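Colleague: I have a model on my screen and some questions about it. Can you take me through the fold, piece by piece?

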Amino acid sequence: MMAAAMAAAALGLLCLLPGLAHGASLGEGAAGASAPVGLPSAGRERAEVLAVASISDDELKEVSEQLYAADGNRAASGQIVLDLQYEIAASKASAGKDYASNRLFKYVAEATLFAKPTFARLLALLDNYEEKTGYSETLLSKEEQEVEAFLEAVFQTSVMATLTSFFLDKGLYSSAKAFQADLKEMWFGLYSRSSGAALDSSGFEHVFHGEIKNGKVSGCHSWVQLYELEKAGELNYLSYSYDGPWTAFPDVLALQYRWNGYLKSIGSLFVGSSPEFDLALYTLCYKARPDQKCEVSLGGEAAQIQTYSWTSSFYGDNQRFVASSYPVSP
């Protein structure tokens with residue numbers, strides 16, 4: 001009965017989401033799962049949708065706990081001190097009223113945390129982007145090298161090794177190299193958020209750096225970027241509307257702020273997590289539960305990740321770029 005139900009669910013998913021294809025072509029998987037070599041695009045898409053449909057809710061919770069446990073680079077107790085100050089109801093967040101007289105970040109152990117390779121290489125990327133949409137992003141040779149250096153550091157971590165093994169076991173990729181290449185495309189490939197006027201965005205820019213679109217802050221789901229903006233005097237923290245149940249890092253925080261005067265009425269993110277943890281967990285949910293809420297478990301506590309795919313342009317065989325991903329707050 002369960003096998004029949006899963007088959008029916010997979011068939012339904014195929015009918016409803018004919019364009020769902022985010023990963024590289026499938027070949028022989030680590031666990032022996034395979035797809036015929038040389039399949040046309042539609043066949044590869046069908047094989048991947050079936051592989052994604054085979055990832056159960058229990059498996060998502062199990063692997064997300066494994067990612068959480070593997071995050072040895074996350075902040076330890078005392079390495080980040082926040083001053084949350086005033087909590088408001090989410091329904092009042094759009095008013096943009098400033099309830100906080102102090103900064104959000106009272107202390108961050110930069111010398112310890114930011115010396116770690118993935119943090120250091122993330123920081124090197126954050127000055128590569130034009131925050132306002134409508135202006136083309138120009139990838140210089142030095143900036144391309146910084147992307148490669150960041151990904152190299154990320155894929156050397158236990159967190160990303162855990163995710164790679166899971167994807168190979170599930171048959172989503174033919175090799176670790178294929179996953180690495182696809183992750184780069186889905187996160188760093190450029191597309192237009194300005195109706196084709198400019199190649200001005202990417203999943204990485206939107207999530208880890210943030211953008212200004214239509215007079216508001218869009219994306220910006222990295223605590224490292226928020227810290228850097230506040231330190232530079234570009235971010236005015238207003239209040240918070242949710243502080244998750246975690247007593248250790250990473251924690252989930254929903255907050256309100258202005259970036260150079262532009263309002264973010266509700267922005268949710270992990271605080272204290274490593275860059276590789278954010279990237280791995282968001283990628284897991286983007287692949288397994290695209291365009292919906294993804295139920296995960298972190299340190300014994302339930303959490304949800306919302307993902308969105310970009311549907312106006314594609315890469316490879318009609319594969320979709322990441323549009324956004326972030327932890328959901330009540």
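**A sheet, its helices and some rings**

Colleague: Which residue in β9 stands opposite Glu-295?

Modeller: Keep in mind that this is a predicted model. β8 and β9 run antiparallel and are joined by six bridges. In β9, the residue opposite Glu-295 is Gln-304.

Colleague: Which residue in the turn between β8 and β9 has a positive phi?

Modeller: The two strands form a hairpin, with two residues between them. The phi in question is about 60°. The residue is Gly-299.

Colleague: How many bridges join β9 to β10, and what is the partner of Tyr-308?

Modeller: β9 and β10 run antiparallel, and the bridges between them number seven. Their hairpin has three residues between the strands, and Gly-316 takes a positive phi near 60°. In β10, the partner of Tyr-308 is Ser-324.

Colleague: Is β10 enclosed or open?

Modeller: Buried here means under 20% relative accessible area. Eight of the nine residues of β10 are buried. The strand is therefore largely enclosed by the rest of the structure.

Colleague: How many of the residues of α11 are buried?

Modeller: α11 has 14 residues and reaches 20 Å from its first C-alpha to its last. That is close to the 20 Å expected at 1.5 Å a residue. It is largely enclosed by the rest of the structure, because the buried residues number 14 of the 14.

Colleague: Moving to the rings, how far apart are Tyr-86 and Tyr-99, centre to centre?

Modeller: A search of the whole structure finds 22 aromatic pairs. This one is stacked, with 10° between the planes. Both residues sit in the loop between β1 (80-82) and β2 (105-108), 13 residues apart. The centres are separated by 4.3 Å.

Colleague: Are those two tyrosines buried, exposed or partly exposed?

Modeller: Tyr-86 is at 40%. Tyr-99 is at 30%. So Tyr-86 and Tyr-99 both count as partly exposed.

Colleague: Which residues do ring pairs link into a cluster?

Modeller: The cluster includes Tyr-129 and Trp-187.

Colleague: Which residue lies over the face of Tyr-68?

Modeller: A charge counts as over a ring if it is within 6 Å of the centre and within 35 degrees of the ring normal. Here the distance from the ring centre is 4.4 Å. The residue is Arg-74.

Colleague: Leaving aside neighbours within four places in sequence, what does Glu-228 contact?

Modeller: Glu-228 is in helix α10 (residues 223-231). With a relative accessible area of 22%, it is partly exposed. Its C-alpha is 8.7 Å from that of Leu-123, 105 residues away along the chain. Its contacts are Phe-114 and Leu-123.

Colleague: Finally, what share of the residues in the protein is buried?

Modeller: The protein has eleven helices and ten strands. Among contacts between residues at least 6 apart in sequence, 66% join residues at least 24 apart. Of the 330 residues, the buried share is 52%.

Definitions and conventions: Residues are numbered from 1 along each chain as its sequence is written. This is a predicted model: local features need pLDDT of at least 70, side-chain atom pairs count only at pLDDT 80 or more; totals for chains, interfaces and linings use all residues. Side-chain values use heavy atoms; hydrogens and water are left out. Two strands pair if DSSP finds at least two bridges between them. Helices (H or I, at least four residues) and strands (E, at least two) are DSSP runs, numbered from the N terminus. The expected span of a helix is 1.5 Å times one less than its number of residues. Buried means under 20% relative accessible area, exposed over 50%, partly exposed in between (1.4 Å probe, protein chains only). Rings of Phe, Tyr and Trp (its six-membered ring) pair if their centres lie within 6.5 Å; planes under 30 degrees apart count as stacked, over 60 as edge-to-face and the rest as tilted. Contact means heavy atoms within 4.5 Å.
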